[in-house]
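The sequence and the structure are shown first.

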Amino acid sequence: MMLGHRFLCRAGLSCGASYALPARFVLSLLASLAGVSSAAAEEQRFAAYITGYGFWDNTPPGTAVISHPVKHRRAGGTGTHDDPITLAVGHALHGPHETLDFPPGTMLYLPRLRKYAVVEDTCGDGPRPQDGPCHTGARGHIWLDLYVGGQTVTPAQAEQCQYRITAVQMVYLNPAPHYEVHPGEVIGSGCAVF
């Protein structure tokens, strides 16, 4: 979920800076796929700002609670096509209604991590999450927050893993099921990047 202000500043983001609205990109991308079932949707590739969140900085902290379960009841996954890792995306609140930047169940592949991911959670807290970086993006890119796990490590070790995977990197939307996978929870598989 939403990373703390301290993390955002150390990640090289100008704290308090405004960013271009990558949500426009998301809306145009989703509009181009309108009327196409997710099974038949064409693979799309784009660069996104990928960060990590874990057991210790989830909302609430010390849990694996997720807001929109699809494949899992709690945050998790091994990164395979059949067991993708939980991914949190930005969202906006409009009165009592919530709109996620990507629909729950959207599948992605992260080649730098060799993991499949599925949208099951929201990134950003508070009464106006649409004003935060998870929804507005970072460095001109869509922000995606991957669950790294971490229940078996210290909060500091989990944070080190989050830093290791944080980068602007290529993402495949509606990926084919045959891409190479480095299976396992992100922390459990050594926070490997390729």
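Predicted model: local features only at pLDDT ≥ 70, side-chain atom pairs only at ≥ 80, totals over all residues.

Ile50 has Ala167 of strand 8 as its bridge partner. Strand 8, residues 167-173, runs antiparallel to strand 1, and seven bridges join the two. Strand 1 is also joined by seven bridges to strand 7, residues 142-149, but here the strands run parallel. Strands in a sheet pair by way of backbone hydrogen bonds, in either a parallel or an antiparallel manner. Individual bridge pairs of these strands are listed below.

| Residue | Bridge partner | Strand of the partner |
|---|---|---|
| Ile50 | Ala167 | strand 8 |
| Tyr53 | Tyr147 | strand 7 |
| Gly54 | Gly149 | strand 7 |

These pairings belong to a closed arrangement: six strands form a barrel in the order 1-7-2-6-5-8, with mixed pairing. From one strand to the next, the twist averages 50°. Strand 1 itself, residues 44-54, is mostly covered, with eight of its 11 residues buried. Helix 4, residues 155-165, lies across strand 1, strand 7 and strand 8, and its direction makes an angle of about 165° with strand 1.

Which residues touch the most other members of the largest nonpolar core? They are Phe46, Leu87, Phe102, Leu108, Leu144, Leu146 and Val171, out of 38 residues in that core. Two or more residues each are given to this core by strand 1, strand 2 (85-89), strand 5 (107-110), strand 6 (115-122), strand 7, helix 4 and strand 8. Strand 7 contributes the most, namely six residues. Another core, of six residues, lies apart from it and includes Tyr109, Val118, Tyr172 and Tyr179.

Between helix 4 and strand 8 there is a loop that holds Thr166. Is Thr166 buried or exposed? Its relative accessible area is 16%, which is under the 20% limit, and Thr166 therefore counts as buried. The side chain of Thr166 reaches the backbone oxygen of Gln162 at 2.6 Å. Thr166 and Tyr49 are 117 residues apart in sequence, yet their C-alpha atoms are 7.3 Å apart in space.

A second polar residue deserves attention. His91 is part of strand 3, residues 91-94. Because its relative accessibility is 5%, His91 is classed as buried. Its side chain makes a polar contact with the side chain of Glu98 at 3.5 Å. A polar atom of the His91 side chain also lies 3.5 Å from the backbone oxygen of Cys123. Beyond its neighbours within four places in sequence, the contacts of His91 include Thr99, Leu100, Asp101, Thr122, Gly124, Pro129, Gln130 and His135.

For the protein chain as a whole, the count is four helices and eight strands. Read from the N terminus, the elements follow the order α-α-β-β-β-β-β-β-α-β-α-β. The chain has 194 residues, of which 50% count as buried. Among contacts between residues at least 6 apart in sequence, 77% join residues at least 24 apart. The chain exposes about 8,800 Å², and carbon and sulfur atoms supply 56% of this area.

How values were computed
Residues numbered from 1 in each chain as written. Heavy atoms only, no water. Buried < 20%, exposed > 50% of the residue type's maximum accessible area, 1.4 Å probe, protein only. Polar contact = N/O pair within 3.5 Å; in protein donor to acceptor, adjacent residues only side chain to side chain. Contact = heavy atoms within 4.5 Å. Pairing = 2+ DSSP bridges. Axes fitted to C-alpha atoms, helices over the stretch in contact; angles between N-to-C directions. Core = buried A, V, L, I, M, F, W, Y, C linked by side-chain atoms within 4.5 Å. Areas by Shrake-Rupley, 256 points an atom, 1.4 Å probe, with all protein chains shown as cover.
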